[in-house]
Amino acid sequence: MTEEPEKPARVVVADDQTVVREGIVMLLGLLPGVEVVGAAGDGEEAVRLVAELAPDVVLMDLRMPRCDGVEATRRITATYPGTQVVVLTTFADDESLFPALKAGARGYLTKDAGGDEIVRAVHSVLSGDAGLSPSVQRRLLERLSAPEPEPARPAVVPDGLTTREAEVLVLIAEGLSNPEIARRLSVSIATVKTHINNMFSKTGLKDRAQAVSYAYRKGLVRPPAAGSV
């Protein structure tokens, strides 16, 4: 009995740069084992195409308008579990890598990956493995060997703030920037901005200086002891 050939993996490519997106589509069209069934210019369109086409894998850029790749990944993995996400991005820094993996991405490649490496990652995630580039694997091992402590959660959360909004407020009071907060909490910068906007709306605060003063007044952070450096 003759074995039927394995069906190619059905892939959607999501990237806001037209030249890059079309180049990836063209490259994959030359390779066996994958079939590009759709292309999206932002995260919103990627989610819509997944709903319409039910692809096996989305190759997801991270920095996109309207809906970034992390949020699109979170929505796809939560609503369409039959579709896997492999990030394909220029960025391999912690602020990009860990929020994407936490959102549910099963693979992570940088855009210097060759076509064969992309195809391997696609088939790896479909077989239940992770599709990670060697540099990303090294970064994960480094992070696991030196884990960062979780920020202290405030015991009492004032003014209807959520626990996460209060955590963001505490980190602002500690002097962290939005990218640093995103890295500490393993979320996207866009998510941090959303928490800050919600926190400002609930408390009536106007800027970060007021937020720092508010955090001290409410006892969410303690002033340094006298004489401490």
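Is Lys-111 buried, exposed or partly exposed? Lys-111 is partly exposed, at 27% relative accessible area. Buried means under 20%, exposed means over 50%, and partly exposed lies in between, with a 1.4 Å probe and protein chains only.

Some ground rules. This is a predicted model, where local features need pLDDT of at least 70, side-chain atom pairs count only at pLDDT 80 or more, and totals for chains, interfaces and linings use all residues. Residues are numbered from 1 along each chain as its sequence is written, and side-chain values use heavy atoms, leaving out hydrogens and water.

Now, salt bridges. The term means a side-chain nitrogen of Lys or Arg within 4 Å of a carboxyl oxygen of Asp or Glu. That rule gives nine salt bridges.

Take Lys-111 and Asp-15. Their closest N and O atoms are 2.6 Å apart. Lys-111 sits in the loop between β5 and α5, and Asp-15 in the loop between β1 and α1, so the pair ties together parts 96 residues apart in sequence. Helices (H or I, at least four residues) and strands (E, at least two) are DSSP runs, numbered from the N terminus. Asp-15 is buried, at 1%.

Next, Asp-42 and Arg-66. Here the closest N and O atoms are 3.0 Å apart. This pair links distant parts of the chain, 24 residues apart. Asp-42 is buried at 10%. Arg-66 is exposed at 66%.

Last pair: Glu-45 and Arg-48, at 3.6 Å. Both lie in helix α2, three residues apart, about one turn of the helix. Glu-45 is partly exposed at 24%. Arg-48 is partly exposed at 39%.

One network to finish. Salt bridges with shared partners join Asp-15, Asp-61 and Lys-111.
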